[in-house]
Amino acid sequence: MKFNKSPETFKVEEVLVPEIGEGKYFYYVLEKQGVATSQAVRVLERQNNARVFVSGMKDAAAATMQWICAEKKLENKDKRMELLFMGNSAKRIYAGMHTSNKFTVVLEYVDGKDRKTLEKEIRRDAFPNYFDEQRFSPKNIEIAKMMLQEDWKAGVKIALTESSEFESEKSRAIKKIIAEKWGKWKELAADLELPLPKRRIFEMLDAENDFKKAFEMLPRKAIGIYCRVCQALLFNEMLKKQINAQNSKWQKYISIGTEKLPLEFKYKALKREFEVPAIFPTSTILKRKTYFKPKNAKVKFENGKATLQFELKKGCYGTILVKCLLALQAEK
């Protein structure tokens, strides 16, 4: 049994019941594939010169449907996306507004033994509620680890000099300039090719050489992402330790990045929720359930394939459930 994630094998539909009627916000269902929500939003905002609001973040390697809104009518020229106008509302969409996500997943090379495993395990009482790899880009993990070690100098350097996959050419050019002149704070502070907020960081470093303060001066949105990655890493480690403490004789594991994490546990002996403290420089505390159970889980077999359908509460990863099913099958 195998799973090759793609828009053809992994589909996600966001469940959100909006108050459609009258109002200044234009509501759309965004259908996309091959593009992450964050990238799709940037494309739509550039095309329409408007702020776009979303509830949840969806994968690039998937076919997804989700709700978005803006204060003006939107047009789309990107072939990877389609917009369906749904009406107006007085209420703006905000992060976490949706209640759940519906998944359709196709597994290949399914034999008789696999069928028995899937029919049984997809209805088990609890799966571990780990954060999956979608939360962890290589760059963000690197910065988060520096934050947890309080190595602010390394964190600031990575944030200001290393590019990520979906950055614009302009952003890459700016980071190249900073990397080439790193440590020459006066020169960077005076470089008019750099945005003013970044020049102010270098002015401060020239005067005070305070990298913790420099980290606080990074864009607020980026800081929020780095802090959430820190909390996700800590949560996964906490859950891993709690499950390992049960000393399951028949333990099985899934991989998240380079980490190998246990999946077998007695949910009644597990703390139902963990609280992860706020990460400097934000004040947001993470509260997250330690396990989840799929709703309306079904499996259909045809021509050596299995089509899974299930619904998960927002914040739970369908890919974690799939990884668990594959690991359970492999150990049979």
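**Charge pairs and a polar side chain**

Analyst: Glu121, Arg124, Lys252 and Glu264 are joined in a network of salt bridges. Keep in mind that this is a predicted model.

User: How many salt bridges are there in the whole structure?

Analyst: A search finds 16. One of them pairs Asp125 with Lys293, with the closest N and O atoms 3.5 Å apart.

User: What does that pair tie together?

Analyst: Asp125 lies in the loop between helix H2 and strand S7, and Lys293 in the loop between strands S12 and S13, so the pair ties together parts 168 residues apart in sequence. Asp125 is partly exposed at 42% relative accessibility. Lys293 is partly exposed too, at 47%.

User: Which residue forms a salt bridge with Glu133?

Analyst: Lys323, with the closest N and O atoms 3.4 Å apart. Lys323 sits in helix H10 and Glu133 in the loop between S7 and helix H3, 190 residues apart.

User: Switching topic. Is Gln251 buried or exposed?

Analyst: Buried: the relative accessible area of Gln251 is 16%, and the cut-off for buried is under 20%. Gln251 is in the loop between helix H9 and strand S8.

User: What does the Gln251 side chain reach?

Analyst: The backbone nitrogen of Glu264, at 2.7 Å. A polar atom of the Gln251 side chain also lies 3.2 Å from the backbone nitrogen of Leu263.

User: Where is the patch of positive charge?

Analyst: On the surface, where Arg42, Arg46, Arg51, Arg92 and Lys221 gather. Arg92 is in the loop between strands S5 and S6, and is partly exposed at 35%.

Methods. Residues numbered from 1 in each chain as written. Predicted model: local features only at pLDDT ≥ 70, side-chain atom pairs only at ≥ 80, totals over all residues. Heavy atoms only, no water. Patch = residues over 30% accessible without salt bridge, like charges linked within 9 Å, V, L, I, M, F, W, Y side chains within 5 Å. Areas by Shrake-Rupley, 256 points an atom, 1.4 Å probe, with all protein chains shown as cover. Salt bridge = Lys/Arg side-chain N within 4 Å of Asp/Glu carboxyl O. Lys, Arg positive; Asp, Glu negative; His and termini not counted. Charge placed at Lys NZ, Arg CZ, Asp CG, Glu CD. Helix = DSSP H or I, 4+ residues; strand = E, 2+ residues; numbered from the N terminus. Buried < 20%, exposed > 50% of the residue type's maximum accessible area, 1.4 Å probe, protein only. Polar contact = N/O pair within 3.5 Å; in protein donor to acceptor, adjacent residues only side chain to side chain.
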